[in-house]
Amino acid sequence: MNLRSALRIQRHDIVSLVGAGGKTTTLFQLAHELAATRLHVVTTTTTKIGAPTDEQTPCFIVESDRARMLARVAQALTEHDHVSVASAPYAHNKFVGIAPAWIADLRDLPNVHCVIVEADGARKLPFKAPRADEPVIPPDTTLWIACVGMSALDVRLDEEHVCRADMVSQLSGLPLGARVDAPAIARVLRHPQGGLKFKPQRSRAVALLNQCDDTTRRAAAQQIADSLRRRREFDEVLIGAVAQPDPILERIGRVSAIVMAAGAGTRFGTIKQLAPWGARTMIEHIVALVECSDADEVLVVLGAHADEIQNHLQHIGPRTRIVVNEQWQQGMSTSVRLGLQRSQIQPSAAIFVNVDQPAINPDIINRLIARHRVTGASIVAPRYGNMRGNPVLWDRALFSELHTLMGDAGGREILRQHWREIAWVELESEEELTDTDTPEEYQRLKELLNA
């Protein structure tokens, strides 16, 4: 997975990189990915930076006057897709960055896709805590990336190995001289005076766990990512090795599972949601299996017969909420929109689970989530042979398209438009994809599965 897709870079983004362990490499790698697709990008710093090499940027402008700087950058972008900017020489081969207030001016130049900013320094060490005046953040930052190099794992907490080790000790509770471990890294990342210091309230927050080039570091990064995901300060966590060709190994965010149970089920003849399945009703069975999955929240969207159905959902788990779609008669699209709107976790992805597919199991949902983590695909879907089925996972990049659905349309047309982007999860039996629209289908599946 490349950085551009993993970070979901959008036009007019201002990306601020803070922390340690590969900020400069990340800055130029992201710029190269954007420029390779002929998008114009400006890279700069609000603190100090070494002179970029020809491999890092094709054009480096040093200008202390704001108006002249903007004019020079605009002109340079007619010849180059990537331009780097500083304001003045600082020392041998080092330069002072530009004022934070100027970043939005750069972003607003014609045809600029985004601006990427290195917002603090770390003395080339893999782990740090900010000093009192750091980081220096552009106020219009839209994407906040807090970096840690996982080479910090198991090093001694001192100034030789960690930047501002005394502050790291205060924020993490780890004594000076102790070995840095995964819980200490997680505590510093999520601390309001650590990885989140001065973060603008509306900016997306991503933690980048870099240098995961062996199994030990990757396992520790996964432990940190799970801790951050549960606490919700970060929208997503990236695990990777930015210096490698495919820099991102995993993108870990929160997933909302939305149980679609609002329909009247007229073809079924009775209330489908309350049809027996084993010792429970169909909806109790579906909700229970979704609760056993790795989804971070479960939303059950009811509509027709909502009061009667809710009487059978008295023992839902703490991650599960019931929402009632008062407009259910206007079609499935209203339940899709309501499910997305009522999420409380800012999900990276949503999985829509049909109430009439009792043969699915938690492992299918978990495999969809796992596939999404390592591919970053906009859609992840199960299939048996050449037959696509449900449930389908939708990346947040497609939420705006799902919001445009009208009437009884599900996501079939959007699936068709994005068919080449689908990452597949292969199933072992056709029954796992079978729905029960009619009494005959329901009875046949019950007999087949002895339910």
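Helix H2 is the biggest contributor to the lining of the second largest pocket, giving four residues. H2 covers residues 23-36. Keep in mind that this is a predicted model.

Two strands also supply at least two residues each to that lining: S3, at 48-50, and S7, at 94-96. The volume of the second largest pocket is about 870 Å³. Its lining has 32 residues, and those closest to the centre are Lys-48, Glu-118, Gly-121, Ala-122 and Arg-123. By class, the lining of this second pocket splits into eleven nonpolar, ten polar and eleven charged residues.

Now the largest pocket. What is its volume? About 1,300 Å³. The largest pocket has 40 lining residues, and nearest its centre lie Met-332, Asn-354, Asp-356, Asp-435 and Asp-437.

Which helix gives the most to this lining? That is H10, with three residues. Please find H10 at 332-341 on your screen. Several other elements each supply at least two residues to the lining of the largest pocket. Among them are strand S13 at 255-261, strand S18 at 349-354 and helix H13 at 412-417. Strands S20, at 387-388, and S21, at 392-395, belong on that list too.

As for the classes, the lining of the largest pocket holds 17 nonpolar, 14 polar and nine charged residues.

Note on methods
Residues are numbered from 1 along each chain as its sequence is written. This is a predicted model: local features need pLDDT of at least 70, side-chain atom pairs count only at pLDDT 80 or more; totals for chains, interfaces and linings use all residues. Side-chain values use heavy atoms; hydrogens and water are left out. On a 1 Å grid over the protein atoms alone, a cavity is a set of points where a 1.4 Å probe fits but cannot get out, and a pocket is an open set with protein on both sides within 12 Å along at least five of seven lines; lining residues have an atom within 4 Å of a point. Grid points are joined across faces, edges and corners, and a volume is the space filled by probe spheres set on the points. Ala, Val, Leu, Ile, Met, Phe, Trp, Tyr, Cys and Pro count as nonpolar, Asp, Glu, Lys and Arg as charged, and the others, Gly among them, as polar.
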